[in-house]
Structure formats: C-alpha cells, structure tokens
There are 2 protein chains.
Amino acid sequence: MEKESNKITLTVERFNVDFSCPVNEFGGIMCDKCERFFDCRSPRKWEIYNAGRMGLVKEKMKRIKHKIAIVGGKGGVGKTTVSVNFSMDLALRGYRVSILDSDFDGSCVPKMLGTVGERLKIGNKGVIPVEGPLGIQIISMGNVVEKDQVITWYTDLRRGATEEFLSHVDYGERDFLIIDLPPGTSADSVNTMEFIPDIDGALVVTIPSVVSQGIALKAALLCKKANVRILGVVENMSGHICRFCGHKNDILASGGGESLARQLEAPFLGKIPLDGSLSKTADEGIPFVKAFPETEAAKATKIITDKVLESIGVNGAGY
Amino acid sequence: MEKESNKITLTVERFNVDFSCPVNEFGGIMCDKCERFFDCRSPRKWEIYNAGRMGLVKEKMKRIKHKIAIVGGKGGVGKTTVSVNFSMDLALRGYRVSILDSDFDGSCVPKMLGTVGERLKIGNKGVIPVEGPLGIQIISMGNVVEKDQVITWYTDLRRGATEEFLSHVDYGERDFLIIDLPPGTSADSVNTMEFIPDIDGALVVTIPSVVSQGIALKAALLCKKANVRILGVVENMSGHICRFCGHKNDILASGGGESLARQLEAPFLGKIPLDGSLSKTADEGIPFVKAFPETEAAKATKIITDKVLESIGVNGAGY
C-alpha cells in the first residue's frame, strides 16, 4: 500500500502540480482560501483559518441547529431528489428547513421545488432566500442565473459564492440546513465542508450499480477526511415496479447500497425505487413525499428521515 | 433581456468575483491558463494563447483525425455509457479509437471497459495509454488513482493534468479521440475545449426528464460559446421494457431529447432505452454494443454512430 501511494505521488508530480500555499499580497498564507485544506497537515492551519473571514460564517451558522450534507460523488444518482424529499418530509413534520444547493452548474433544487422563476434578492441583512413550499428556504444559483444562460463559474468565484451563501444570507433561526453537494470530490465539496465546521453528518446516495458505488465511496472518504460523520447510505433508483404487470425489474442491478454501507461501516438507511410518477413530480416542482405520500418511494423516504433524526438525537415528532 | 443580464451581473458582483487576468511572475498575461477564455472578448487572447505552450498540444492532436466530445451538463445521464459504446462501435468498424476520460473525480471509463486494475505508464515518448478491448486507448484518472483513494483535484492540477493528457500522451496515429466530459459547464469542460481547438463536434446526452434537459441546454450553450458544433442530441434512459410483460414504461417521462434538439436546432440522433442487462455490462466492463448487439439499445447506438459519421463526412463502412 505504501509503495502504491508513492507510485501515485510520483505520477501526480509528472502532471504539473503546484503544491505551494496560496499567499495574499502581503505574503501571508491564506489557509481559509486553500482547496488543499483537508490534505494539509500543518498544525497552524486552523489558527490561520480562524483569524480569517470565517468568523462571519460561524456566527451565521450558529442560528441553524442542524446541518446535513447530501453527498454521492457521482452525478445523476438522485442527490437532489433525496435532498428535496428529505427537506419536504422535515417541513411536513413542522421543522424550519433551508436547502443550500451547492451545485453551481446543474442546480436543480429550484426546478424540483417549483421556484424556477423567482430570484434571490438582496435586503438589509444580506441575501434573502427564495421561499419554497411549506416555508422551505432555497439558496441556489438556479435562482440567480437565467435558465437559458450558461455562466462558467471560475474557481475563485465558486469559492466566493459558497462563502457568500453561508455568511451573507439572511437565514434567520432555522432547525435544518440541508446541503445538496454537487458531483465530484474536489473544490466545491471541499469548500462547503471547510466553511461549515459543524456539519452533523452526511447521507451518502448511490444507485445500485457497482460503477456508482465506487464513486460514492470516494465521496464518503472525502467526508471522513473532513471529519464529517456518515449518517448512512441511501440506495436510490432501486428497482422499478412495472405499472402494467406489477413485477419489479432490477434495472441497475441490486444491493449496491447495502454493500457500500458495509464497506463504510455505516448504517444502510433504505432503498428508494424508480417510479415514473416521481420523475414527473420533480419536473412539476412537487416532491413525491408530498405529491404521492402513499408510494413506496415516499414511505422509504419517511423511514430514512426517522433514522436520520434518531441518529442525530432529534425526536422525529417535532421539537 | 438586457435588463435581466444587468441584474445578473450586479448579483454576481456581490459574490466576491475577481475578474482580473491571471499573470505570470513577469507580469505577462496568461491567456492559455485562463478559465475565462471563452468569455473574454480581447482580440489579443489568441495571440497570447498561441505563443504559450499550446504548440505541443496542437502538434500531438494533428495525428488524430477526428475529435468528438460527449457532453451533457448533468451527471448520471449516461455520458460515459454513450462514450464507451460509441467508441466500441467505431472500433468494431475498424477505426483506431482513443477515449479521453475528462472526469477526474468520477472516472468510470476504465470500469466500463474492464481496465480498472491497469495503470498508466510513462515511456520514452510520454505517457502510454492503457489498452482496452479492440485496441481502444484509454486515458483516465481511473488508471492513475487507486479505487479506494480520494484525491481532491485542485484547479491548477486539473488544468495541468488535462494539458498533460493531451500533450504528453503517446497516442500515435489515430482515427478518433472521444472526449468524455465531466458534469458541469465550468473549468474542466472549458479547459478541454480550449486545449483542443479543432473538435469536430459534440454529442449532447440527456435523459427524458425536463430537469436534465435544462442542464444539457447549458452544456450545449457552452459548446456554442467555444465554437464547437452540436452534432446532435441523444436521449438516454428512454423508457424501460419490462422483462416480465414486455410493456414499455416511461420511467423518466419522454420526449425530452427531441424537444432539446428542436431548441438547439440540432439533429435528434436517437433514443437509448433503459435495460437491466446494460447496467450489468457496464459493471462487467463490456459495452453493450459488443455484449448484446441485438438489443434495442445497441441498435440505437449503431444508428447514432452512422448519423455522426455522416455528419462529419466520414464513410461509416471504414476509411
């Protein structure tokens, strides 16, 4: 293993890596702007980090009781579907919920909660979140950029925007912040986890295929690096029940979620099946836990919510 | 519309944007390292760009006759499935094919072509691609990083690695380079399109849902910005045929691909249905066009290949 690591490092070195620390105009090291934060072993990093602008984020984040990240590594596995349904289920139970859509290029939260046409506004206390159904607050680039417009979000800008979304948004007092992380295990995910030092934990979403499972594992490993607890694994798109004959088809194989949970030594939280009406609810902006509470998918989601609330020590029935 | 654009710019400005040009240690502007390349209107950019290290990439790329990008914006829509099956179909027709897996965090090409255990090696003429089935060359981070390892690919490193993958890989004489782009419309996609100035065109992959279609539109708009021709739209996961009763279920709605093609004024190339055996072939490393040539998915892929070859002026039967 040690030998393998060396080999990787050597290969990586051949690929033009610049491992120097980012410095400001006065030559000071800017740990709070560094994408390598979780890989860095310098004992000074927290000191430098805390002396930076993080105070603002910390202060703002104190007013939100629980923060839960939804990760998956791979795109298209249903991180946003899980995020909006989990948020909606929490809201239905009476909690005050905010969703942070950290996907700059593929923000789907506004579409799935029916707020595409609305725009973030700037008020006296900072940016005012868009209000979705049941008072769910939405912070998403999908409510900034027009739908027929493409903005290439440069690295500095993404980092800046993530910070602004956390420090300059007027969330007020909230019970939950659900953080819908983008695909990938690089800068965007690192930025968000770095900015919120007290995330309660992460839900890892995978589809049953082995391919997806391998990428979800990487996302979970990043959480471990960042000291974010894995609350459990959700298997999405887990089989499809034919609406003509009622038989279940395992379209994307089966069991990937359970196997990933074992590998991570984390709880397996449940399987959400594919269902034609669910895709339609997403397109129409009403999460299925609300639109079709009697479906297998909605029931599975509610059990997942119960388990998550229990594992972070919250009484599922309300505060 | 003008007013809307102004509003966006203003909002973006509040988000900590640094719009200054990147400069080197001598104060020279480095257009060839700029993520904002396609947004920049300076007439000097190409001049500065060509004076940089791009010569190497151009020289290497000359020996590959055709370059086709597979884009989708959203993750999980099947960009890699389309990439490996299209590549395999080309290889079956006798073409010399290379695949560049531009997804650093979620590289699935090695898994889907059965070369996970192999590693890129460095020879006299540069990096030697991994050889997959039918002589398909694979360049992927999945053949650099161990599967249980997560590397946070910092922005500079990703850019550097993309450049190395294009300039320091010993491809030799090839007929096709298939570029499997990652989710998103930011740095990674921009880098790749910037480094390869003579891409023949892009295949836009979407799933039928409206949500996916909106993100694919953004990817297509980025191609237009970069002057990359849209060869057409592929609708993936287009319905599922129940293996018990044979009825077709529209799991993710239907018609999204055709509607996107109309919007882009690009050809609609075909629909690839969901099929349980296909996910299995991906996990086992044999693309379905080879493993199950008689399935509807394989037949649809072959028609897509025919149409693409025709649109770039290549005779489908071979050179």
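A residue counts as buried under 20% relative accessible area, as exposed over 50%, and as partly exposed in between. The structure described here is a predicted model. Over all chains it holds 16 salt bridges.

**Asp198(B) and Lys67(B)**
- A salt bridge joins the side chains of Asp198(B) and Lys67(B), at 2.9 Å from N to O.
- Asp198(B) sits in the loop between helix 7 (187–195) and strand 8 (201–206) of chain B, while Lys67(B) belongs to strand 1 (residues 64–71), so the pair ties together parts 131 residues apart in sequence.
- Asp198(B) has a relative accessible area of 40% and is therefore partly exposed.
- Lys67(B), with a relative accessible area of 1%, is buried.

**Arg96(B) and Asp175(B)**
- The side chains of Arg96(B) and Asp175(B) form a salt bridge of 2.9 Å, N to O.
- Arg96(B) lies in the loop between helix 4 (79–92) and strand 2 (97–101) of chain B, and Asp175(B) in strand 7 (residues 174–180), 79 residues apart.
- Arg96(B) is partly exposed at 35% relative accessibility, whereas Asp175(B) is buried at 3%.

**Chain A**
- Arg63(A) and Glu173(A) meet through their side chains in a salt bridge of 3.3 Å, N to O.
- This pair links distant parts of the chain, 110 residues apart: Arg63(A) is in the loop between helix 3 (54–61) and strand 1 (64–71), and Glu173(A) in the loop between helix 6 (155–167) and strand 7 (174–180).
- Arg63(A) is partly exposed at 37%, and Glu173(A) is partly exposed at 45%.

Key. Residues are numbered from 1 along each chain as its sequence is written. Chains are lettered from A and ligands numbered from 1 in the order in which they are written. This is a predicted model: local features need pLDDT of at least 70, side-chain atom pairs count only at pLDDT 80 or more; totals for chains, interfaces and linings use all residues. Side-chain values use heavy atoms; hydrogens and water are left out. A salt bridge is a side-chain nitrogen of Lys or Arg within 4 Å of a carboxyl oxygen of Asp or Glu. Helices (H or I, at least four residues) and strands (E, at least two) are DSSP runs, numbered from the N terminus. Buried means under 20% relative accessible area, exposed over 50%, partly exposed in between (1.4 Å probe, protein chains only).
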